[in-house]
Amino acid sequence: MPDQISKTQRWLDLLAFLVGRRLPVGVDELMQNVPAYAEKWRHGDETARASVRRMFERDKDELRQLGIPIETMPLDVRGSAAEELSGYRLARRDFYLPYLKVVAGEVPDPTVDPAVEEEYRRRGRTLDASGRRGDPAAIREVKIAEADAEDAIQALRDVSELPAFPYAREARSALRKLGFDLHSYAGAAGATAVPAVAPSYFPADASTAAVADRLRTLADALFARKRVAFVYRGIARSEPTKREVHPYGLLFQHSRWYLVAHDTMREDMRVFRVDRMDYVKRNTKSPNTPDYDIPADFRLADYAQKEPWQIGESSDAAVTVHVRFEFPRSLWAERNGHGEKIEELDDGATLHAFQVSQPDPFLRWILSFAGDATIVSPADMADDLREMARNVAAKYARA
Amino acid sequence: MTAEAQLERLLWLIPAASGHEGSSLEELAAAMQSTVDDVMRDVEALTARAYYQRAGEGDDLQVLLDDDRLRIWTAGELRRPARLTVREALALGIGLRAGALKYKGSRAGRMLNLARRLEQELAGVDVSELDRVHEVDLGEDPAGVRSQLERAARDRHVIDIDYLKAGASAPEKRRVKPYALVHAEGAWYVLGESIAQAGAVGPASGAAAAASDDDWRSRVRAFRVDRVLDVLVRADTFEVPDGFDVEEHLTGARVYRPHAGVPEVEVTVRYAPAVARWIRERLAEDRAWAERTRDADDGSLEVTHRVADMDWLVSHVLQYGPDAEVVAPAQAREAVAAAAGRVATG
C-alpha cells in the first residue's frame with residue numbers, strides 16, 4: 001500500500017500530521033502516524049526502518065527548501081534518562097499566511113528593538129508588532145491600509161504579466177494567496193483570479209520563450225551564487241564571445257532584461273542583454289556551495305534608471321550636458337523628467353542638464369528630435385552634434 | 001507535474017474549497033490558470049488518501065464533489081494558504097519596488113516600506129539580500145499621469161487628455177475611453193476609443209460623430225503615455241466592447257495598426273553595416289516591422305517600411321545618425337535632409 005502513495009500525498013500527510021500540534025513530535029510517533037513511513041517503521045527490520053527514516057529526512061529537507069518551516073527541537077520526555085531527543089514541530093504561526101486585515105488610514109511601521117530584530121532575522125524569523133516571539137499556535141494578523149492592499153495586488157499583477165519574468169509563476173501564486181483575504185482588490189474574475197483582460201498588457205515577441213528559459217537559469221544561479229557561462233553577441237564585437245561570469249543582478253529596463261555581472265575573464269563589471277545570450281549554463285558542481293559573494297556595497301540601482309547612453313561597457317566618467325528643448329517639446333521633456341530642468345527660457349523653451357557617459361548614443365538621441373532639441377554646452381559636444389547632422393545631411397546632398 | 005508544484009496547488013486548493021459553499025471547479029481552474037482536468041487530478045490526489053489511510057485516519061480532510069462544485073471539509077487545519085515562499089515574497093517585493101519607481105516623494109517611500117514589511121511579515125524570512133539583486137523598471141511617472149491612466153482604465157472612467165502628437169506645434173485635447181495600457185519597446189501606450197469632444201481634433205468629429213457604436217473599432221487609437229501632458233478623469237464610465245483585443249492593435253511587438261483613410265507610404269532605408277546587425281535582430285523579433293529587405297554586398301541592409309507618419313520616419317532615421325539613409329521616395333529624403341540641416345545650423 002505505501003508503494004501507491006505519491007510523493008505529494010506523502011508530503012501532505014506529513015504536513016497534516018504536524019501542523020497545529022503545539023508540542024514537538026518525536027520521531028517514533030511521527031514515523032508511526034505518517035502512512036508512507038508507518039508500515040516499514042512498525043514491521044520492518046532495521047534496514048527497512050533506516051530506509052524510511054532516510055526518506056523522512058529527505059522529505060523534511062525538501063519541504064524546508066520549499067519554505068515550509070519544519071523545526072527540529074529538543075524533545076523533553078518526562079521520566080526519561082538524561083538523553084535528549086529531537087522532535088519536530090510545524091508551528092501554525094510560521095506555516096500559515098498571516099491574516100491580512102484591511103484598515104482605514106495609515107498603518108504605522110511596528111517599532112522593534114533593532115538588536116532583537118537582527119537576532120530573529122539571523123535565524124530567519126520575524127517578530128510581531130510588540131517585539132515578542134508570539135504564540136506559535138496563533139496565526140498572526142497583519143494590518144494593511146486599503147491603498148497598500150491595492151498597491152500589493154497591482155504589483156503582483158504587473159510582474160506576473162511581464163514577459164519572461166523568472167518569478168511569474170510565483171507572482172501568480174502569491175496573488176492567489178493574498179487574494180484569499182484581499183479578494184475585493186484581486187479582480188472580478190473569481191475571488192483570486194488574475195483578470196483575463198488586465199489593464200496593463202505586455203506583448204510577447206518571438207524571443208520571449210527563449211529569454212524566459214535563460215532568465216530562469218540566471219535567476220537560479222543568482223539565488224545560489226553559482227557561476228554562469230554563455231555565448232554573447234555584444235554590440236561592440238561582430239563575433240560572438242564566450243563569457244564566464246558571476247551574476248550580481250537581474251534588471252528589466254527599456255522592455256529588455258539585463259544581467260549585471262562580474263566578468264571573470266575581464267575582471268570587471270559588465271551589463272549583458274539576456275536576449276543576446278546563447279547556451280546559458282549554470283555551474284552545477286557543489287550546488288549547495290556558492291562560487292562567489294556579491295560585495296556588500298553592490299547596488300543594482302546604480303545600473304537601473306539609466307538611459308542607453310548611461311548603460312553599457314564603458315567606464316568613462318559622466319559629462320554634464322545642457323540641452324535646450326523648444327516648445328512644445330519642452331512640455332514633453334518636463335512632463336517626463338528628462339534630465340534635470342535648470343531654467344525656463346523665452347517662448348516656452350526649457351534648459352535641462354544630463355549626465356552622459358556614452359556620447360555617441362546621446363548625440364543620436366538628440367539628433368532624433370530633428371531640431372526640437374539642441375546641445376548648449378559643452379561646446380565640443382555641441383560641435384559634435386552639428387558635425388553628426390552635417391554628415392547625415394551630406395548623404396542627401398549627393399544625387 | 002512535479003511534487004513541489006502539486007503540493008503548492010493543494011495547499012491553496014484545500015483552503016479555497018473549504019467552507020460551507022466550497023468553490024466551483026471552473027473558478028478554481030481559472031484562479032490557478034489551469035484546466036478543470038488539472039483540478040480533478042488534484043482532487044484525485046486528495047481522495048486517494050482514503051485508500052491507504054487506516055480506519056479512523058484521514059478524517060482530517062473530506063472531499064465532496066457535487067456536480068461542478070468542490071467542497072473540502074477539514075478538521076481545523078489547512079483552512080488558510082501557506083505563507084509566502086521566498087520567491088513569492090521576492091516577486092511581491094520586486095513588483096512593489098517597480099511600482100515605487102513611478103512615484104517620487106512620500107508615495108515611493110511608502111511603497112518601499114510596504115515591500116519590506118510584507119516580505120518579512122508574509123514570508124517570515126528576510127529577503128533583502130535577494131531584493132537588492134533584482135529590479136524591474138517599468139518607467140518613472142513623475143507627473144503621476146500613468147497612474148491616473150491605469151486607474152481610469154481599471155475603473156472604466158472616460159478621460160480628457162492633453163496630447164502632444166509628434167511634430168505638432170501645440171498639444172490637442174482628446175476625450176478617450178481608455179481600454180488598456182500597453183508596455184512595448186520601452187514605452188507605455190494607452191489604447192482607447194477616441195470619442196467626440198467640442199473643439200477637439202480627432203476621428204470622432206464631423207460625420208463620424210453620428211456613427212453607430214459598432215464603429216468603435218475604427219475609433220480605437222494608441223496614445224503614447226509620455227506624450228499625454230495632462231489627464232482629467234471624468235465621472236462618466238464605459239464598458240469595454242466584447243470584441244476588444246489588444247493583439248489586434250499590435251503589429252508584431254509594436255503598438256501600431258494602420259488606420260482606414262490614413263495613407264501609408266513605402267519608405268526604403270539603408271542601414272550601414274555597423275547597425276545592420278541590430279536591425280536584423282529587430283526584424284527577427286518583429287517580422288511585421290518591414291515590408292521587405294535586401295542585403296547589400298557591403299554588409300548594409302535595405303529595409304522597406306510602410307509609414308503613415310513622416311515625423312516618425314524622420315525621428316527613426318535620425319536616431320541612427322550617419323548609419324541610416326533614406327533611399328526613396330524623394331519626399332522622405334527631403335524631410336530627413338531638412339531636419340538634419342536644421343540641427344547642423346542650429
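In this predicted model, the side chains of Asp38 and Arg41 of chain B, written Asp38(B) and Arg41(B), meet in a salt bridge with an N to O distance of 2.6 Å. A salt bridge here is a side-chain nitrogen of Lys or Arg within 4 Å of a carboxyl oxygen of Asp or Glu. Side chains of opposite charge can pair when their charged atoms come close. Both partners sit in helix α3 (residues 36-47) of chain B, 3 residues apart, which is about one turn of the helix. Helices (H or I, at least four residues) and strands (E, at least two) are DSSP runs, numbered from the N terminus. Asp38(B) counts as buried because its relative accessibility is 18%, while Arg41(B), at 47%, counts as partly exposed. For these words, buried means under 20% relative accessible area, exposed means over 50%, and partly exposed lies in between (1.4 Å probe, protein chains only).

Arg154(B) and Asp155(B) join their side chains in a salt bridge of 3.0 Å, N to O. Asp155(B) is partly exposed, with a relative accessible area of 36%, and Arg154(B) is partly exposed too, at 31%. Another salt bridge, 3.2 Å from N to O, connects the side chains of Glu302(B) and Arg270(B). Glu302(B) lies in strand β12 (residues 301-307) of chain B and Arg270(B) in strand β10 (residues 265-271) of chain B, so this pair ties together parts that are 32 residues apart in sequence. Glu302(B) is buried, with a relative accessible area of 13%, whereas Arg270(B) is partly exposed at 30%.

Over all chains, the count comes to 64 salt bridges. Some of them link up into a network, whose members are Arg169(A), Glu170(A), Arg176(A), Arg216(A) and Glu8(B).

Chain A also holds helix α8, which covers residues 168-179 and has 12 residues. From its first C-alpha to its last, helix α8 of chain A reaches 16 Å, close to the 16 Å expected at 1.5 Å a residue; the expected span is 1.5 Å times one less than the number of residues. This helix is mostly covered, with 10 of its 12 residues buried. Among them are Glu170(A) and Arg176(A), as well as Ala168(A), Leu175(A) and Gly179(A).

Residues are numbered from 1 along each chain as its sequence is written, and chains are lettered from A and ligands numbered from 1 in the order in which they are written. Local features need pLDDT of at least 70 and side-chain atom pairs count only at pLDDT 80 or more, while totals for chains, interfaces and linings use all residues, and side-chain values use heavy atoms, with hydrogens and water left out.
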